[in-house]
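This report walks through one chain, beginning with a single local feature and ending with the chain as a whole. Please keep the sequence and the 3D view open while reading.

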Amino acid sequence: MAFTRWETFLENHIEGFFNKKFGSALEPIEVEKKLEKEIANGKRRDKKGSKEWVLPNAYTIFMNEEDCHHLSSQRFLDDLHILAEKKVILLDAFMDGKLAITIQKDATLSLGVCRIKGTFSDMVQRVAQAVKEQHTIVLQRPSFQPPLNLPTEYKIASLTVVKGADLESYLAFGEKKIFLGRRERSDFILTDPNASRVHASIRYERHRHFLQDENSTNGTLLNGSPVLEACLQHGDEIHIGNSILRYEVI
């Protein structure tokens, strides 16, 4: 823990020195790296004695006014949102409540330097508070439904058939619940004769994907063990009939 604090101190001050000297603007990749660190550093036990890890769901990014104007865009927020969602899975943790990311001006910070603070908070209250604060730029995902010809979902994970009749079949998905099986209207169609018409489903809850067997005839296995329901981790293998599907963060 002491080493992590020392590493962060050196990173912030060395980065600040060079940015102040050469006047370079803050790059998106720099913010993304710091956000990843802040997410990981905020990992804690859900409650005393619990085996589950939880992560903060609200993040404020402080930066120089010029950097604010340079980076304040919906597209940048989308990238940060996707990054955070993937990080939750890769850290094998959970996140309660909606994910909120805000950008706030900080006159004490030099050009090219940012600071990020993660907290456990309610998104609605956080956004309302941010709007009231002067010099605060709030970035949030739109609440309206976009036109049907535009994507409505972020893709953060995928399923790939690595063994079976549908070898290399692939599906990228996000928060929408998907169904797997032989039924033609399934989100992931399998031609494996040992798969049920509606064999299994994957839903999104607490910012994680959960596999559920849908009363299939031959059952569903996860990494070789029978399951009725289980939280998926990056690299897990789902056995359906004679097929194996690999779940991965993309």
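## A hairpin in a predicted model

Strand 7 and strand 8 form a hairpin. Six residues lie between the two strands. In the turn, G164 has a positive phi of about 125°. Bear in mind that this is a predicted model.

Strand 7 covers residues 157-163, and strand 8 covers residues 170-173. They pair in the antiparallel sense, over four bridges.

## Burial of strand 7

How many of the seven residues of strand 7 are buried? Five are, so the strand is largely enclosed by the rest of the structure. Buried here means under 20% relative accessible area.

In general, side chains in a regular strand alternate between the two faces of the sheet.

## The whole chain

The chain has 250 residues, and 43% of them count as buried. It contains five helices and 17 strands.

Consider contacts between residues at least 6 apart in sequence. Of these, 60% join residues at least 24 apart. The chain exposes about 14100 Å². Carbon and sulfur atoms supply 52% of that area.

Note on methods:
Residues numbered from 1 in each chain as written. Predicted model: local features only at pLDDT ≥ 70, side-chain atom pairs only at ≥ 80, totals over all residues. Heavy atoms only, no water. Buried < 20%, exposed > 50% of the residue type's maximum accessible area, 1.4 Å probe, protein only. Contact = heavy atoms within 4.5 Å. Areas by Shrake-Rupley, 256 points an atom, 1.4 Å probe, with all protein chains shown as cover. Pairing = 2+ DSSP bridges.
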